[in-house]
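Here is a friendly walk through a few parts of one structure. Take a look at the picture first, then read on.

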Protein chains: 2
Amino acid sequence: MFKIAHQDPTSLARAGRLVTPHGTIETPAFVAVATRGTVKGVEPWSLEEVGVEVVIANSYHLHLRPGEETIARLGGLHRFSGWNRPMMTDSGGFQVFSLGAGKEHGVGKVASIFPDDDVEPRPKPRPSVKSLVRLSEEGARFRSTVDGSEHFFSPEGVIALQRQLGADLIFVLDECTSPLHDRSYTAAAMERTHRWAERARRAFDTQVEEASLPNPSQALYGIVQGGAYPDLRRASARVIGGMEFDGLAIGGSLGRSRQEMFQVLDWTVPLLPEHLPRHLLGIGQIADLFAVVRRGVDTFDCAAPTRIARNGTLFVREAAAHRINLRNAAFREDPQPIDPSCDCFTCRHHSRAYLRHLCLVGELSFYRLATLHNLRFVVRLMQEIRQAVVAGRLDDLEREWLAASQAA
Amino acid sequence: MFKIAHQDPTSLARAGRLVTPHGTIETPAFVAVATRGTVKGVEPWSLEEVGVEVVIANSYHLHLRPGEETIARLGGLHRFSGWNRPMMTDSGGFQVFSLGAGKEHGVGKVASIFPDDDVEPRPKPRPSVKSLVRLSEEGARFRSTVDGSEHFFSPEGVIALQRQLGADLIFVLDECTSPLHDRSYTAAAMERTHRWAERARRAFDTQVEEASLPNPSQALYGIVQGGAYPDLRRASARVIGGMEFDGLAIGGSLGRSRQEMFQVLDWTVPLLPEHLPRHLLGIGQIADLFAVVRRGVDTFDCAAPTRIARNGTLFVREAAAHRINLRNAAFREDPQPIDPSCDCFTCRHHSRAYLRHLCLVGELSFYRLATLHNLRFVVRLMQEIRQAVVAGRLDDLEREWLAASQAA
């Protein structure tokens, strides 16, 4: 299912091919976020045109609305959404976190309170509120944010849920700890996550009536936990890496800074079986791409390109930090495309001045046009990175990108 | 500029061709509303694919943001927006109304309080508030709804504004009265609108440096007023019809009911010069299409198809009143396209069940997909109507449509 085509000699970076029932992903690859079964503002046809190869939808959100039974009766999430290419679904572990400890601690999953982050302002820790989740050995009981109804996610139930959705690559239920959890809580949670992984693995292996499934050839990813504690990460990498999953994910908490996130990868990845694809769950920024690829990550999902697009922040190769804020008055009468080197629909048809106007008046068209550009930008960058890995010139490419941002 | 290809022998309906510097409009035609220089959620390329032939943008809104000077410096509204096909701009007369008398009276322009309307609920009269507009013989002084700044629209200024925008078909400044204005106010306002029309006509005829204009071959429409008073409408039709405009528009108020709107057309249209194209400013619903075409209207703008789409109401040929509300639980697991007889992108790719899901969770993609469908539906219906006029079978077509809605 996963073939490594090229291994970079000077880092853990590798170029590969991840074969799924709905097509092949050329890795390293960016995974576009389609939480509720659509990338916000972009329909499947345009996603393909942009070059997106794989999307990740959200088990928790689709469970609440419209429900996995409905999706299964309509032929599964591929048919339901009209996206006929590779698809992942996460397990809901992140929601268990963000409605629980994340809410209580007022933090996000990924490197939540980066003090050394000079590129993108992170959300400030929010005032802590009461958890909507009760965790037990059995699983996670939580209240719906939609209607307050009570739901229960067990490792086995989440496999059944994802079988009904029918994505190609699915994830075990894990407990995503907070960067504010101490070592002892993090260790206990990791042990429970390992037991949950074992249960999920068994549930996944249990024969079911294949005729009733939208996608009988799913692949299951285990998730490594352990917070920002090197010994825990190493232990988790060995345990999860030894469970014969089809792929392995590195889950949060990823520490309190970008440097800690990189350290987490440094502790974890070298201990993972080399032949399995590695997924990094939810990274923050474009500036991290080179760093995570170097550390041996094959796929990663990231909501930033689409989220910041809707807010008017657009990627530009030759710009400081590779981005501009379109709300800036400097672009008021700028007839150039967002990025003169970009070949996306938006850059071929529209000026910065027009897009800035749409952004400032809050037109729906803006969200789509901006999202198309940022997606295309990341897809092309990942293609460049892959080619550089194959050609053995990843260092050169990173230097070129750095120079482009400094020339601006 | 306007050629009548076929005149229906039994009604005032006609099929024509309206030639503009940016292409030809086959009439009768629907004009899509692009208030701030974009149809909400749909970029120009998709509009063309849907078959939209002409859009109408809004002088008032574009004056406030981004400003006509900015648009002129960027080559005019066609180049600015990327829409290279026929385009209208209204004069701002409707905003003068809706920020003034409309606000004070708590009513809309078009047939605002239809008591006999059984098809679409109209907005209820709102509690009256203070006008943001002061009208004088000179023009309209108003405060911006964006930042409170003061602006002044005169008949001459609005011509200059629209010259900078550069649409193909532009309108004189008029005063759009309220259905709650009495006869004496309506008569006085109509007289002033006639004087404004004369001033606009003169300003339009004044030579300007053509090199500085984005579109030197604009055509100017006069606007007939007179409320729901037959003698006033007839007087206005004669006066405006005699002023040698390139086209004529029937402006609001259009009365208090659909029947009154039809009466306004019955009083007005027969008195207008036959060779000029006639535009109806802002009609409410799809059910009115046959009626207004029969009464001699060549083009009409209507925000309803796009507005109701965003709210989940989608056109279906074989449905009561030719529409369904997608929020209805009946569509929860409906695998059919919105309208099985439709050839639009949305109907070719997506099920009612999926679109309903997107609608209920408020996904951005929904607004676009729904809008594409409703636009395509109206465009095709207008094509059918035009063919029926040419073939002399308008009655038959209307009967077929009525039967389709009753069969449902």
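In chain B, three strands form an open sheet of 3 strands in the order E7-E8-E9, with antiparallel pairing. Strand E7 (133-135) and strand E9 (150-153) of chain B sit at the edges with a single partner strand each, so one side of each has no neighbour in the sheet. From one strand to the next, the twist averages 15°, using lines fitted to C-alpha atoms and angles from 0 to 180 degrees between N-to-C directions. Two strands count as paired if DSSP finds at least two bridges between them. E8(B) and E9(B) pair over 4 bridges, and Ala140(B) has Phe153(B) in E9(B) as its bridge partner.

This is a predicted model, where local features need pLDDT of at least 70 and side-chain atom pairs need 80 or more, while totals for chains, interfaces and linings use all residues. Residues are numbered from 1 along each chain as its sequence is written, and chains are lettered from A and ligands numbered from 1 in the order written.

Helices (H or I, at least four residues) and strands (E, at least two) are DSSP runs, numbered from the N terminus. Some of them, with their residues:

| Element | Residues |
|---|---|
| H8(B) | 183-205 |
| E8(B) | 140-143 |
| E1(A) | 2-7 |

Over in chain A, Gln7(A) counts as partly exposed because it has 14 C-beta neighbours inside 10 Å.

Methods:
The expected span of a helix is 1.5 Å times one less than its number of residues. A residue is buried if 20 or more other C-beta atoms lie within 10 Å of its own, exposed if 12 or fewer, and partly exposed in between; C-beta atoms are placed from the backbone.
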